[in-house]
Amino acid sequence: LLPHPNYSSPSSQADARLIVTHLMERERIPVGPSELDRLVVAYIELRGISEMLFAVAEARYESPALFFDPAPQFDDWWIGESDNGR
Amino acid sequence: VLAVLAVPQSISEAGAQLRQGKTSSVALTRAFLSRAETLDPLLGTFVTRLDETAMAQAERADADFSQGIDKGPLQGIPLGVKDIIADSDGPTTAQSLILDRLWAADKDAPVVRRLKRAGAVIVGKTTTMEFAHGAPDGTKPFPLPRNPWDVSRYPGGSSSGTANGIAAGLFLGGLGTDTGGSIRGPSALCGITGLKPTFGRVPKTGCVPLGFSLDHVGPLARSAEDCGLILNVIAGYHPSDPQCSKREWGQLPPLSHADIGGLRIGVDRVHPEGIQSGDSAEAFGLALDVLAALGAELVEVELPLYQEMVSIVAVTRFAEAYAYHRGDLQSRWTDYGATTRVNLSRGALISSSEYVQAQRVRRVVQRKLVEVFGRVDIMASPTTGAIAEPYLSFDDEFTLSPEGGQFSNMGYWSPSGFPVMALPMGLAEDMPVSLQLASSPFSELTLLKAGHAFQQATQWHRLWPPVAELN
């Protein structure tokens with residue numbers, strides 16, 4: 001994916017590396033050096049994606065496609081008797 | 001190769017033989033298990049073979065037949081189930097060292113229970129990518145799935161073993177899952193038919209999650225008709241899945257005289273980039289000619305927000321998968337495959353507002369697609385731009401970028417939740433290429449009819465890969 005034209009990337013690769021290093025430390029994810037390199041590339045791509053998605057004008061007043069049921073059922077999937085939907 | 005194998009080619013053909021007394025489920029199952037004995041080591045189809053329980057299920061199916069009990073078209077039919085879907089007859093591994101083997105021990109996912117109630121014979125748990133998300137990984141103790149058309153090539157993922165097993169004649173159909181193309185991709189690259197149903201049409205509980213709002217369980221088989229027979233059994237509300245639809249599925253009518261005269265088929269000749277020049281381009285043109293000759297009306301359509309929609313798959317899948325895996329990534333990093341763990345960690349790079357924004361844009365695109373399907377009944381495209389890649393050049397860095405053409409046509413439809421089918425439309429360099437048909441929510445029947453009509457007019461779904469003749 002190409003970054004959105006309005007997207008300005010982190011001022012340097014080093015900035016992106018710093019941010020990703022911090023995020024991995026915060027999350028306690030034990031990445032190795034070459035893995036960090038790949039995540040830095042992914043981070044820069046994701047920032048481009050983010051800008052692209054926030055640039056969609058029609059989404060300004062749109063609700064998210066999220067689902068919430070205030071009165072859910074809690075049937076276990078492995079209980080045969082609960083397979084009562086058909 | 002239009003070869004005649006010793007086993008039936010389709011579920012409907014096998015069903016007819018069973019009901020005419022020309023074969024029994026035990027004989028059928030034994031024949032397929034014998035083929036697996038020869039071909040599984042070459043193809044990496046199974047994580048776990050279930051020979052013993054399969055034979056017991058086959059005996060039960062025959063006993064039912066002999067007592068006049070007919071549970072429908074899947075009775076006595078050998079099927080494979082992707083190894084992220086729970087089956088009480090064997091372990092569920094998700095092709096990973098990580099998954100707690102007790103998670104689904106002795107339990108059937110609702111879809112598996114429905115197959116068993118319909119009298120199906122489950123011959124094994126089939127290979128996938130780790131958690132349906134990693135890449136082929138030779139360093140872990142799991143089989144490496146291969147493409148039956150050329151065993152040096154990738155069969156597609158992540159429903160790899162279900163697809164390559166059907167293509168090579170190790171069973172007649174099966175279950176896969178599709179989050180960003182995992183039913184359609186391997187179906188396309190192995191030359192079979194696969195259907196991602198409408199989101200919520202089929203319960204996905206009892207299946208290891210990847211992207212909670214993107215995961216679909218669906219059928220793979222050689223033909224659209226066979227996919228319909230499996231969908232007919234697994235579709236329908238189940239109270240354990242909060243995202244499962246209560247909409248009635250009804251019963252699948254016979255497809256034998258599917259008429260697509262007047263069907264409006266949309267074609268986007270702009271997206272994705274390279275669609276006019278990929279390996280599939282020539283066959284796609286011919287497939288459109290076939291559909292037009294069958295009476296369909298071709299309509300030029302430009303799909304809305306194409307690049308944005310493809311990006312939503314990445315943001316949504318990474319965020320949702322990371323929530324599921326974070327604890328294990330922290331504590332069991334090296335137990336994951338090298339590609340899987342980096343892929344999954346991308347979820348930590350996405351902010352909560354970016355995830356929500358992706359869901360807002362997702363709804364914008366859904367709104368626009370409703371308009372599109374006011375003008376057409378089906379959208380057609382090649383499923384993948386490229387034929388299966390050789391393993392030697394397989395890039396184990398499974399990047400975000402879909403520009404390789406292999407995933408981009410599929411990814412667009414994943415966040416929509418709309419039903420999409422992949423079916424063979426020819427060969428390029430002796431490898432399968434595939435037609436993708438998408439329709440509006442809960443219009444699986446429209447897809448099945450169109451797919452069936454196309455397959456009646458072509459022979460592509462009847463081709464066997466050369467390796468299938470080894471047994």
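This report looks at chain A as a whole and at a few helices of chain B in a predicted model.

Local features need pLDDT of at least 70, side-chain atom pairs count only at pLDDT 80 or more, and totals for chains, interfaces and linings use all residues. Residues are numbered from 1 along each chain as its sequence is written, and side-chain values use heavy atoms, with hydrogens and water left out.

Let's start with chain A, which has two helices and zero strands; these are DSSP runs (helices H or I, at least four residues; strands E, at least two).

| Chain A property | Value |
|---|---|
| Accessible surface (Shrake-Rupley, 1.4 Å probe) | about 5400 Å² |
| Carbon and sulfur share of that surface | 57% |

Among chain A contacts (heavy atoms within 4.5 Å) between residues at least 6 apart in sequence, 52% join residues at least 24 apart.

Over in chain B, helix α9 (residues 306–331) packs against helix α11 (residues 352–375) at about 140 degrees, with the axes 9 Å apart. That angle makes α9(B) oblique to α11(B), since angles under 35 degrees count as roughly parallel, over 145 as roughly antiparallel, 65 to 115 as roughly perpendicular and the rest as oblique. Residues that meet here include Ile312(B) and Val315(B) from α9(B), and Tyr355(B) and Arg362(B) from α11(B). By class, this contact has nine nonpolar, two polar and four charged residues.

Helix α7 of chain B (residues 224–234) is mostly covered, with 10 of its 11 residues buried. Among them are Asp226(B), Cys227(B) and Asn232(B). Gly236(B) follows α7(B) and has a positive phi, near 125 degrees.

Technical notes:
Chains are lettered from A and ligands numbered from 1 in the order in which they are written. Axes are lines fitted to C-alpha atoms, for helices over the stretch in contact, and angles run from 0 to 180 degrees between N-to-C directions. Ala, Val, Leu, Ile, Met, Phe, Trp, Tyr, Cys and Pro count as nonpolar, Asp, Glu, Lys and Arg as charged, and the others, Gly among them, as polar. Buried means under 20% relative accessible area, exposed over 50%, partly exposed in between (1.4 Å probe, protein chains only).
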